Amino acid sequence: MSRLYLFHKPYRTLSQFTDSEGRATLAEHIDVPGIYPAGRLDHDSEGLLLLSDDGELIHRISHPKHKQPKTYWVQVEGQPNDDALAALRDGVELKDGRTRPARVRRLESVSLPDRQPPVDPRRHPVTQWLELIITEGRNRQVRRMTAHVGHPTLRLVRTAIGPWTLDGLAPGQWRCETLNAPRRKPRRSSTRRRP
């Protein structure tokens with residue numbers, strides 16, 4: 001049995017338990033010893049963060065070879081046209097290489113808690129929410145992708161990682177799920193015939 005902790009990371013909280021600069025950390029919200037994040041979310045991003053004390057489970061969730069889909073709701077500056085969305089779907093060329101194709105669609109409305117401070121409507125009078133699903137996790141990837149197509153990210157919320165979602169969790173809240181350990185494939189025994 002493995003324990004998996006689903007946490008709604010608030011805006012401007014680090015994805016770690018300590019910080020020498022006095023910034024907000026996970027320790028202000030989760031008092032469970034011996035658990036570690038499976039991946040990260042930037043300081044200025046919000047949403048689902050998974051944690052566990054099971055190193056193998058953390059590896060299965062966070063390692064790129066497992067291609068765990070990650071779903072983000074992204075508020076971008078301006079209103080991306082069909083060409084911009086097509087570019088995201090095809091994959092864009094970043095400094096560290098071309099991204100894998102993403103699934104992307106416009107969202108007419110989102111149901112999210114208010115962020116403090118909110119995106120300033122005077123500085124950003126025209127915005128659009130997108131749902132973006134990617135299967136890799138480069139540093140600040142979603143932000144770099146939207147900026148590449150001319151629509152910088154103003155607010156980013158991760159709503160799902162694989163089958164796990166943010167549903168029912170307010171910022172700063174967490175819940176624990178118990179998972180059955182995956183079955184390991186039996187090793188093949190090699191039998192040699194004697195002459």
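**Domains and pockets: a reading exercise**

Mentor: Domain 1 and domain 2 together bury about 1,400 Å², with 43% of it on carbon and sulfur atoms. Buried area is the accessible area (1.4 Å probe) that two parts lose on being put together, summed over both. This is a predicted model, in which local features need pLDDT of at least 70, side-chain atom pairs count only at pLDDT 80 or more, and totals for chains, interfaces and linings use all residues. Residues are numbered from 1 along each chain as its sequence is written, and side-chain values use heavy atoms, without hydrogens and water.

Trainee: How many salt bridges does the rule find across the interface of domain 1 and domain 2?

Mentor: A salt bridge is a side-chain nitrogen of Lys or Arg within 4 Å of a carboxyl oxygen of Asp or Glu. The rule finds five across this interface.

Trainee: Why does the second largest pocket lie between the domains?

Mentor: A pocket is an open set of points on a 1 Å grid over the protein atoms alone, where a 1.4 Å probe fits, with protein on both sides within 12 Å along at least five of seven lines; lining residues have an atom within 4 Å of a point. Domain 1 (1-66 + 165-182) and domain 2 (68-160), bounded by an automatic or database domain assignment, both give residues to this lining, so the pocket lies between them. Its lining residues include His-8, Trp-73 and Asp-167.

Trainee: Which residues lie nearest the centre of the largest pocket?

Mentor: Of its 31 lining residues, Arg-40, Tyr-72, Gly-137, Arg-138 and Arg-158 do.
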